[in-house]
Amino acid sequence: MAAMTTWRLPNPPQLLVEPMDDHVVCFVQATGATHLFDAFPAEVLAELQAGPSSTEALAAHLADRLSLPTAELTPQLAALLSNLQGLGVLEETVA
Amino acid sequence: MKLGELSQVELRRLAANGGLRYRSGPFNLQLRTELAPFLDTLQYMYPGAPLLDEAQHPCHFHITLNAVGGWRRWLRPQVQFWVDGFTPFDPYPLDQAFPMYEWGLNWCIGTTAHQNLMLHSAVVEKNGQGLILPAMPGSGKSTLCAGLVSRGWRLLSDEFGILRHSDGQLLPLPRAAPLKNASIPLMQVFAPDQRYGPRFDKTRKGLVVHLAPPPASLADQDLPATPRWIIFPRYSDGGVTQLVPQPRALAFTRLINNSFNYLVTLEQGFQSLTRLVHHCDCYQLENGSLEAAIEAVETLAEGGSQ
């Protein structure tokens, strides 16, 4: 059976997340940095606040929310997830 | 006992011996100086400042302000600011001792008082609701703040929005507001009944006249205010005055850049700032004239439409 990659948010206080209108602001304890994200990443972070999720599940959720084809979203989502991981906003887990 | 209740002789004796201790908002100050004209101005600007008992009140800042010695005292008299035995600035001309003290104290607070989140903002209050005016120099913050105070708003601060981490309340620090250049005649005509200090020509910020904190604001310096509005003023001479709603996320990022110490307060700073922005309505104020700007703010505070 192939390994399943999922994404999750670090637990507070490692990561603090505050939705702000249609944006979200995050504080990353490891870097001391504050990040502001617009609607697309905000939607990803809101979904991950509910619990860990795979790239595929996130793509399906966003496609539904934004009424876009999943195939069109997936490359953008992959780049975003990688970027957020680099900032310390996301963690990747392999089950 | 209040600063204004000391006789001139007592004031000078205390200050010369390092015994002049008074409170300014959340800060206890110890001041040592032998500069009599400076002390006269200090007493004139802060007659209601409460004096502190030495044994019961440790001081946040120990400041010494004295004339520079040597040959300079004859040719070009200067004053030096010391805090805790350290002198962070070059000397000023001796007759600018009061502005140097005020700016020096700002520096002390802005660089060390990290127990609260500090915004570079004027703060006023009406009916228990705080209005924060964050701004860069030249935005008209001090003039608008002075105008609102002259119309009955309580002055919390002309310079520091001090946000207490524990409950998000705004702490007063009512001090003299340094009016600069064109705003001086404007305010002296607009609010002739307020108390103004001496004129300081050719300071590093141009012509400066200080506006004293109203006695009622000084008397209420223990009374915090609940933040209600954040208004970013932007002055444009003769332009149309209007309040434009600001998205909270934009206000949040502007306040990070506006803060003296957001980056050193880490999680606490983030939590205090997000709470502040969530609890406030945020606006940009295009400020074309003082009268119109005050009217716009008062209409907002009364719950009217803009």
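In the predicted model, the interface between the two chains involves 12 residues of chain B in contact with 12 residues of chain A. On the chain B side, the elements that contribute two or more residues are helix H8 (248-258) and helix H9 (262-279) of chain B. H9(B) provides the largest share of this side, namely six residues. By residue class, the side of chain B that touches chain A comprises seven nonpolar, three polar and two charged residues.

Within chain B, the domain assignment gives domain 1 (3-112) and domain 2 (116-301). The centres of domain 1 and domain 2 of chain B, taken over C-alpha atoms, are separated by 25 Å. Contact between these domains of chain B involves 16 residues of domain 1 and 23 residues of domain 2. On the domain 1 side, helix H2 (36-45) and helix H4 of chain B each supply at least two residues. H4(B) gives the most to this side, with six residues. The residues of domain 1 of chain B that touch domain 2 of chain B divide into eight nonpolar, seven polar and one charged.

An open sheet in chain B is formed by five strands in the order E1-E2-E3-E4-E5, and the pairing in this sheet is mixed. Because strand E1 (20-24) and strand E5 (92-93) of chain B stand at the edges and each have a single partner strand, one side of each is left without a neighbour in the sheet. Helix H4 (residues 97-112) of chain B packs on this sheet, where H4(B) touches E2, strand E3 (61-67), strand E4 (78-83) and E5 of chain B. The direction of H4(B) makes about 25 degrees with that of E4(B). The pairing of E1(B) with strand E2 (residues 27-33) of chain B is antiparallel and extends over five bridges. Ser24(B) has Phe27(B), in E2(B), as its bridge partner.

The largest nonpolar core contains 102 residues, of which Ala97(B), Val124(B) and Cys145(B) touch the most other members. H4(B) supplies the largest share of this core, eight residues. Both domain 1 (3-112) and domain 2 (116-301) of chain B are represented, with at least three residues of the core drawn from each. When neighbours within four places in sequence are left aside, Val124(B) is in contact with Leu131(B), Cys145(B), Leu148(B), Val149(B), Trp153(B), Arg154(B), Leu155(B) and Leu156(B).

E9(B) pairs in the antiparallel sense with strand E6 (residues 116-126) of chain B over five bridges. In this region, Leu119(B) stands opposite Gly161(B) in E9(B). E9(B) also pairs in the antiparallel sense with strand E10 (residues 170-171) of chain B, over two bridges. Ile162(B) has Leu171(B), in E10(B), as its bridge partner. E9(B) and E10(B) form a hairpin with five residues between the strands, and in this hairpin Gly168(B) takes a positive phi near 75 degrees.

Conventions:
Residues are numbered from 1 along each chain as its sequence is written. Chains are lettered from A and ligands numbered from 1 in the order in which they are written. This is a predicted model: local features need pLDDT of at least 70, side-chain atom pairs count only at pLDDT 80 or more; totals for chains, interfaces and linings use all residues. Two strands pair if DSSP finds at least two bridges between them. Helices (H or I, at least four residues) and strands (E, at least two) are DSSP runs, numbered from the N terminus. Two residues are in contact if their C-beta atoms, placed from the backbone, lie within 7 Å. Axes are lines fitted to C-alpha atoms, for helices over the stretch in contact, and angles run from 0 to 180 degrees between N-to-C directions. Ala, Val, Leu, Ile, Met, Phe, Trp, Tyr, Cys and Pro count as nonpolar, Asp, Glu, Lys and Arg as charged, and the others, Gly among them, as polar. A nonpolar core is a set of buried Ala, Val, Leu, Ile, Met, Phe, Trp, Tyr and Cys residues joined through C-beta atoms within 7 Å. A residue is buried if 20 or more other C-beta atoms lie within 10 Å of its own, exposed if 12 or fewer, and partly exposed in between; C-beta atoms are placed from the backbone. Domain bounds come from an automatic or database domain assignment.
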